[in-house]
Amino acid sequence: MRSALRTVPPLLLSCLLLAGCSSVSLGTSAPSETQSPPTGAPAGSGRAIAVGAGPQKHYTVQKQPAARSCHYRYLKGEPLEDPTCTPGAISPAVTQTNLASTICRKGGYTSGIRPSTYVTGKEKKLNAASYGFTGRMADAEYDHLISLQLGGDPNDYRNLWVEPADPGHRKGSGVNNAKDPVETKLHTAVCKGTVTLAAAQQAIATDWTTALNTLHLS
C-alpha cells in the first residue's frame, strides 16, 4: 500500500486523505466526442454535390487551383477531370420542380446564363496551368463538368476544367468532345422525366463516360 501511495503526487495524496474531498479518478481521461457525419452528406454511396452561386448579372474571373496541382485521369485514352480539383457544382436556380421554366423551357436556357468569353478566356488559361495542360488551347474545351443544360453552376471553379481533345482528334480541328452528346442525352432524359435531375447530375459528376450506362440510357 505504501509503495502505491508513493506513486501518487503529494498534492493529490493530501486531497485523498482529507475527509471533505470529492472522489478523484486516477489514470482516466475524458471520453472523446462522437464525430457526426458531415452536414449535407447523402445517404448511401453517393457524395453531396456542392451548390454554387448560380447565374449572375456580372461574372468575375474565379480563382483556380494552384498550378500543376490537378491531374488528368485517362480511361481508354479518354481524358477525365481530377475529382479533387473539379468535383462539380450545381446551380441553386435549377430544381426538379422548375425544370419547365429553366433547362427544359422552349427557346433555350443556357445562352442567357453563360459567362462572357472575357471571363472564361482568362479562367481557361489559369485552369490550364492548374492541370499542367500544354496542348493547343483551341482544341481544348473549357468544360462545365455538370453541363449548364443539366443545371450545372455557370462559373463555379469546381465545375469547370480544361478538357483536352479526345483520342484520335485531328490537331487544329477545334473542340469536339465525346462528352457533349452524353450531356445532350441526359438533358433529354431529364426533360422527358425518364430520370431525375439529381440522378443525372450525380451520374455525370461521378464519371461522364459511364453516366448513360449507370442510368440505363445507352
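**Exercise 1. Identify the residues that Pro79 touches, and decide whether Pro79 is buried or exposed.**

Solution. The model is a predicted one.
Step 1. Leaving aside residues up to four places away in sequence, Pro79 is in contact with Arg73, Tyr74, Trp161, Pro164, Ala165, Asp166, Pro167 and Trp208.
Step 2. Pro79 belongs to strand β3, which spans residues 78-80.
Step 3. One of its contacts, Pro164, lies 85 residues away along the chain, yet the two C-alpha atoms are separated by 6.5 Å.
Step 4. The cut-off for buried is under 20% relative accessible area. Pro79 has a relative accessibility of 0% and therefore counts as buried.

**Exercise 2. Apply the same cut-offs to Gly132 and state where in the chain it is found.**

Solution. 
Step 1. Gly132 is placed in the loop between α3 (117-131) and β5.
Step 2. A residue is partly exposed when its relative accessible area lies between the buried limit of 20% and the exposed limit of 50%. The value for Gly132 is 21%, so Gly132 is partly exposed.
Step 3. Arg68 is 64 residues from Gly132 along the chain, with 4.8 Å between their C-alpha atoms.

**Exercise 3. Describe how strand β6 is paired and which way its side chains point.**

Solution. 
Step 1. Strand β5 (residues 141-144) and β6 run antiparallel and are joined by 4 bridges.
Step 2. Within this pairing, Asp143 stands opposite Trp161 of β6.
Step 3. In β6 (residues 160-163), Leu160 and Val162 point one way, while Trp161 and Glu163 point the other way. All four of these residues are buried.

**Exercise 4. Determine which elements contribute to the largest nonpolar core, and which of them gives the most.**

Solution. 
Step 1. The largest nonpolar core comprises 27 residues, and those with the most contacts inside it are Ile103, Ile146, Leu150, Leu186 and Val190.
Step 2. Two or more residues come from each of α4 (179-192), α5 (197-206) and α6 (211-214).
Step 3. The greatest contribution is that of α5, with 5 residues.
Step 4. In soluble globular proteins, nonpolar side chains tend to be buried together.
Step 5. The buried residues of α5 are Leu197, Ala200, Gln201, Ala203, Ile204 and Ala205. Their cover includes β4 (89-90), α4 and α6.
Step 6. For Ile103, the contacts beyond four places in sequence include Leu150, Val190 and Leu197.

**Exercise 5. Characterise the lining of the largest pocket.**

Solution. 
Step 1. The volume of the largest pocket is about 160 Å³.
Step 2. Its lining consists of Arg47, Ala48, Ile49, Ile90, Val94, Thr95, Gln96, Leu197, Ala198, Gln201 and Gln202.
Step 3. Sorted by class, these are 6 nonpolar, 4 polar and 1 charged residues.
Step 4. Helix α5 supplies the largest share of this lining, 4 residues.

**Exercise 6. Summarise the protein chain as a whole: how many helices and strands does it have, and in what order do its elements run?**

Solution. 
Step 1. There are 6 helices and 6 strands.
Step 2. Read from the N terminus, the order is α-α-β-β-β-β-α-β-β-α-α-α.
Step 3. Of the 218 residues, 38% are buried.
Step 4. Among contacts with a separation of 6 or more, 73% join residues 24 or more positions apart.

Definitions and conventions. Residues numbered from 1 in each chain as written. Predicted model: local features only at pLDDT ≥ 70, side-chain atom pairs only at ≥ 80, totals over all residues. Heavy atoms only, no water. Core = buried A, V, L, I, M, F, W, Y, C linked by side-chain atoms within 4.5 Å. Buried < 20%, exposed > 50% of the residue type's maximum accessible area, 1.4 Å probe, protein only. Contact = heavy atoms within 4.5 Å. 1 Å grid on protein atoms, 1.4 Å probe; cavity = no way out; pocket = protein on both sides within 12 Å on 5 of 7 lines; lining within 4 Å. Points joined across faces, edges and corners; volume = space filled by probe spheres on them. Nonpolar A, V, L, I, M, F, W, Y, C, P; charged D, E, K, R; others polar. Pairing = 2+ DSSP bridges.
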